[in-house]
Amino acid sequence: MKHRGRHRRRRRGRALRATLAGTALALTAAATMISTSQATDADDPGALKPLTATADTAPLRLTEHAVPGAELDRLTASMGPAVGVGALLADPDGALEDADDCSDDDRRALPVEPAVTTAYCWPQRDTDGWRAGAVTTSGDADEDGRWGAHRVILSGWTRGSGTPAEQGLARIAFVAADDDGTPRYTWALLAVPVDGGRDFRGLGSDVSGMVWYQDKLLVTAGRGEDGALYVYDLDRVQRATVDTGTVGRVPGGWSAAGARYVLPAVASYATAGADAPRPGGIALDRSTVPESLVVHEATAPDEEGPTRLWRYALGPRPGYGPLLRTEPVAVYETELTQVRGVLAHRSDWYVSRATGAPEERGTLWRQDTKGASPVRCGADETYRCWSGPATSLSYWQATGDVWSQSGRMLFALPLAAVDEALER
């Protein structure tokens with residue numbers, strides 16, 4: 001079903017690079033005004049501490065719960081034939097705006113250092129009342145970075161306002177990020193089948209972590225959900241038939257809170273107990289054998305730490321197909337708090353963290369079992385160089401870029417530039 005080919009991303013035009021460079025310079029100038037006390041607000045967390053005791057690793061074991069195939073088939077029979085990613089990309093809801101057309105307020109969410117090389121903003125009319133969450137790409141889904149004929153970015157959002165029934169709903173934007181035009185996107189609501197597949201409800205959670213692995217999408221869920229991770233089959237996208245603000249079966253058909261497509265969960269993973277650590281952010285690491293899912297612990301904003309980082313192996317399992325293995329294969333502890341994003345490549349872990357109020361800049365650290373180093377910027381070498389409302393990190397191996405989003409900005413920058421900034 002999937003037709004893929006090798007691809008090398010063409011570089012953006014000089015005008016876009018100049019705009020982004022100018023934005024970075026302006027933000028860097030602003031960063032020099034940060035006080036010395038702020039510059040030293042993040043003490044060196046030191047090296048990652050490996051955790052090997054059963055008391056540390058056992059709570060991270062997951063239990064898989066598959067939605068019975070008969071329930072999924074019943075839902076499909078009622079809603080109509082399922083479609084795939086290609087159908088969504090061919091039926092867009094809107095287009096992203098180039099960075100040079102974005103407002104100054106939106107562009108303030110971009111990192112100061114290192115400067116981004118690609119950036120877009122989401123139209124306000126389509127994101128009002130929603131808060132940005134995790135990002136994953138077709139670079140996670142397949143080594144060549146394409147899904148079918150397209151380069152694709154998936155962007156997660158959570159409803160932060162509206163009626164009580166609307167608040168907490170989660171949706172995904174499927175973005176066609178090819179080089180032949182403006183990126184266009186299509187919304188799909190994340191849902192969970194109920195009543196034996198006769199209906200569905202919305203997933204109620206912040207989309208703080210998300211990874212597209214082969215034909216499956218893994219999404220983190222908060223404590224209001226039974227599962228810690230939900231699994232979606234990207235060949236099982238359903239069409240909504242009625243445009244209302246409600247979710248599920250309605251008179252005359254099916255509604256998805258304004259979205260025209262629905263992704264019903266096909267499985268979930270539960271943690272070892274109510275008090276067990278839960279995934280906050282997740283990312284794919286292709287540098288391990290087998291490939292692995294890296295995780296940072298979800299923590300409350302006022303929690304003092306430390307924070308756990310760990311990984312699960314991905315790969316074939318007899319009778320289950322290629323997905324997540326439920327035993328952690330490596331567990332670490334970092335002294336960093338308020339962690340909001342993580343990725344790992346080879347022996348390095350890259351961790352983004354919030355540092356205070358949403359309008360304040362975050363920090364970006366690289367850690368391993370030998371030590372840690374932060375990105376610094378400005379005349380006083382402050383650590384507050386990353387985007388403000390820090391969110392997930394996703395590494396696109398085929399291009400060497402790290403993707404993230406903050407506020408209404410969706411952006412990318414080379415991992416090599418991050419490493420260079422860390423080594424200044």
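Two rings of Phe, Tyr or Trp count as a pair if their centres lie within 6.5 Å, with the six-membered ring used for Trp. What you see is a predicted model. With that cut-off, W122, W157, Y185 and W187 make up one aromatic cluster.

How many aromatic pairs does the rule give? The count is eleven. One of them joins W365 and Y383, with 5.4 Å between the centres and 80° between the planes, and that makes the pair edge-to-face. W365 belongs to strand β24, residues 363–367, while Y383 sits in the loop between β25 (372–374) and β26 (394–396), so this pair ties together parts that are 18 residues apart in sequence. Are these two residues buried or exposed? W365 is buried, at 1% relative accessible area. Y383 is buried as well, at 13% relative accessibility.

Next, charges over rings. R151 lies over the face of W396, 4.3 Å from the ring centre.

Last item, S292. This residue lies in strand β19, which covers residues 292–297. Its relative accessible area is 2%, so S292 counts as buried. Which residue does the S292 side chain meet in a polar contact of 2.6 Å? The partner is the side chain of R311. Leaving out residues up to four places away in sequence, S292 touches A283, L284 and D285, along with R311, Y312, A313 and L314.

That is the end of my list.

Methods:
Residues are numbered from 1 along each chain as its sequence is written. This is a predicted model: local features need pLDDT of at least 70, side-chain atom pairs count only at pLDDT 80 or more; totals for chains, interfaces and linings use all residues. Side-chain values use heavy atoms; hydrogens and water are left out. Rings of Phe, Tyr and Trp (its six-membered ring) pair if their centres lie within 6.5 Å; planes under 30 degrees apart count as stacked, over 60 as edge-to-face and the rest as tilted. Helices (H or I, at least four residues) and strands (E, at least two) are DSSP runs, numbered from the N terminus. Buried means under 20% relative accessible area, exposed over 50%, partly exposed in between (1.4 Å probe, protein chains only). A charge sits over a ring if NZ of Lys or CZ of Arg is within 6 Å of the ring centre and within 35 degrees of the ring normal. A polar contact is a pair of N or O atoms within 3.5 Å; within protein, one must be able to donate a hydrogen and the other to accept it, and residues adjacent in sequence count only if both atoms are side-chain atoms. Contact means heavy atoms within 4.5 Å.
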